[in-house]
Amino acid sequence: MLQTGQYLEASALINYLERVSERSYDWLNCLYFKIFRAVAYLKLSEKEQAIKAFREIYDLTYKNGIITPLIEGSGGMRSLIDAVRKSKDVRYDHEWLNNVYAKASGYAKKMSNMRNRYTSKQQKPRMTERRVQVLERLAHGYTIEEVALDMHITEATVRTHRQNI
């Protein structure tokens with residue numbers, strides 16, 4: 001929902017899931033939901049709420065030496081850290097913020113590269129109409145010579161089409 005811009009809906013769902021996680025002592029998911037909620041607030045232009053939510057996340061993670069959920073939790077972490085930096089709140093360890101920011105940036109780049117590779121593999125190149133015609137004739141048992149004669153092209157062109165199919 002966050003990725004599709006449905007921030008109000010996401011915020012409501014996240015608040016519910018966060019409460020369920022707290023009741024079941026599922027602290028890792030609870031932390032992720034807190035991260036998602038803070039990002040949703042920021043996307044909804046509720047900057048103060050976002051910073052307040054981030055403070056809660058910071059208090060949980062910084063004291064316990066945990067940064068992984070912040071790094072992989074959301075693509076909005078860098079924007080959230082930027083908002084916290086601009087708030088000039090001195091209660092944050094800025095070295096820690098810089099570390100999380102840098103690692104979240106690296107993670108986001110890796111995920112983007114992986115997503116691009118995956119989607120490019122999913123998109124099969126379209127065969128040209130001419131290649132389809134060559135393939136149909138070869139599938140019907142035509143020889144290369146027969147395909148070339150039938151289509152008024154050279155045998156080398158038929159071989160090239162066959163190789164590219």
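Modeller: R85 and D82 form a salt bridge, with their closest N and O atoms 3.5 Å apart; the term means a side-chain nitrogen of Lys or Arg within 4 Å of a carboxyl oxygen of Asp or Glu. This is a predicted model, in which local features need pLDDT of at least 70 and side-chain atom pairs count only at pLDDT 80 or more, while totals for chains, interfaces and linings use all residues. Residues are numbered from 1 along each chain as its sequence is written, and side-chain values use heavy atoms, leaving out hydrogens and water.

Both R85 and D82 lie in helix α5 (residues 77-86), three residues apart, which is about one turn of the helix. Helices here are DSSP runs of H or I with at least four residues, numbered from the N terminus. R85 has a relative accessible area of 28% and is partly exposed; D82 is also partly exposed, at 28%. Buried means under 20% relative accessible area, exposed over 50%, and partly exposed in between, with a 1.4 Å probe and protein chains only.

A salt bridge also joins R91 and D89, at 2.8 Å from N to O. R91 is exposed at 51%, whereas D89 is buried at 14%.

In the pair R137 and D150, the closest N and O atoms are 2.4 Å apart. This pair links distant parts of the chain, with R137 in helix α7 (residues 129-139) and D150 in helix α8 (residues 144-151), 13 residues apart. R137 is partly exposed at 22%, and D150 is partly exposed at 35%.

Definitions and conventions:
Helices (H or I, at least four residues) and strands (E, at least two) are DSSP runs, numbered from the N terminus.
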